[in-house]
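Open the model in your viewer and keep the selection panel at hand. Each stop below tells you what to select and what is found there.

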Amino acid sequence: REGLALDDANPALHHALGLSLVRSRRPEAALRELRSAAALAPENPRYAYVLGIALNSLAGPAEALEVLSEAHSNFPADFEISMALATVRRDAGDIEAALDVAYELAQRHPEEPAVLGLLRSLGAVP
């Protein structure tokens, strides 16, 4: 907080505070800080990924899917964002959309165990 008092436009400080607030079980404040980090550094895929995961855990899948879908559009080759998007879509019951992302992942990472597990969970491979 002292750092943010000196430099409120520092996305890394907002991100770090947001993570600390998540651990402190202060979801509203955590999401506010994580949103700030992602808004201040839209070129950083990590901030969008963490915001999407936090939203899914703390607020539900609707806004998480918006954030992760936009992040996937901006960073289509980012493994973590793609896995998160596919997983949240699967868990929300949108199997077809989850499969689209899972197949993209399989093309990029054909030997990745997490991708194979995702495809299994979607019924695409035995």
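**Stop 1: helices α2 and α4**

In this predicted model, select helix α2, residues 11–23, together with helix α4, residues 45–58. Which residues of α2 meet α4? On the α2 side they are P11, A12, H15, L19 and V22; on the α4 side, pick out Y47, V50 and L58. Colour these by type: the contact of α2 with α4 is made up of 7 nonpolar residues, 1 polar residue and no charged ones.

Now look at how the two helices lie. Two packed helices are described by the angle between their axes and by the distance between those axes. For α2 and α4 the axes come within 12 Å and cross at roughly 25°. An angle under 35 degrees counts as roughly parallel, and α2 and α4 are therefore roughly parallel to each other. The crossing in which α2 passes α4 is left-handed.

**Stop 2: R25**

Select R25, in the loop between α2 and α3. Its phi is positive, about 60°, although R25 is not a glycine. Is R25 buried or exposed? Its relative accessibility is 71%, and exposed means over 50%, so R25 counts as exposed.

**Stop 3: helix α3**

Move on to α3, residues 27–40. This helix has 14 residues, and the distance from its first C-alpha to its last is 20 Å, close to the 20 Å expected at 1.5 Å a residue. Select its buried residues: A29, A30, L31, E33, L34, A37 and A38. What do they pack against? Show α1 (residues 2–6), α2 and α4 to see their packing partners.

**Stop 4: A48**

Go back to α4 and select A48. With a relative accessibility of 13%, A48 falls under the 20% limit and so counts as buried. Leaving aside neighbours within four places in sequence, A48 is in contact with A38, V67, L68 and A71.

**Stop 5: E63**

Select E63 in helix α5. The relative accessible area of E63 is 32%, and this residue is partly exposed. Which residues does E63 touch, leaving aside those within four places in sequence? They are R35 and L55.

**Stop 6: S82**

The next selection is S82, in helix α6. At 2% relative accessibility, S82 counts as buried. Not counting residues up to four places away in sequence, S82 touches H72, P76, V101 and L105. Two of these names, V101 and L105, come up again among the buried residues of α7.

**Stop 7: helix α7**

Select α7, residues 95–108. Does the end-to-end distance of this helix agree or disagree with its number of residues? At 1.5 Å a residue, its 14 residues should span 20 Å, and the end C-alpha atoms are 20 Å apart, so the two agree. The buried residues of α7 are A97, A98, L99, V101, A102 and L105. Among the elements that cover them are α5 (61–74), α6 (79–91) and α8 (113–121).

**Stop 8: helices α7 and α8**

In the contact, A102, Y103, L105 and A106 of α7 meet V115, L118 and L119 of α8. These residues divide into 7 nonpolar, no polar and no charged.

**Last stop: the whole chain**

Finally, show everything. The protein has 8 helices and 0 strands. Its C-alpha trace spans about 55 × 25 × 20 Å along the principal axes. Of its 126 residues, 39% count as buried. Among contacts with a separation of 6 or more, 38% come from residues 24 or more positions apart.

Notes
Residues are numbered from 1 along each chain as its sequence is written. This is a predicted model: local features need pLDDT of at least 70, side-chain atom pairs count only at pLDDT 80 or more; totals for chains, interfaces and linings use all residues. Side-chain values use heavy atoms; hydrogens and water are left out. Helices (H or I, at least four residues) and strands (E, at least two) are DSSP runs, numbered from the N terminus. The expected span of a helix is 1.5 Å times one less than its number of residues. Buried means under 20% relative accessible area, exposed over 50%, partly exposed in between (1.4 Å probe, protein chains only). Contact means heavy atoms within 4.5 Å. Axes are lines fitted to C-alpha atoms, for helices over the stretch in contact, and angles run from 0 to 180 degrees between N-to-C directions. Angles under 35 degrees count as roughly parallel, over 145 as roughly antiparallel, 65 to 115 as roughly perpendicular and the rest as oblique. A crossing is left-handed if the near helix is turned anticlockwise from the far one by less than a right angle, and right-handed if clockwise. Ala, Val, Leu, Ile, Met, Phe, Trp, Tyr, Cys and Pro count as nonpolar, Asp, Glu, Lys and Arg as charged, and the others, Gly among them, as polar.
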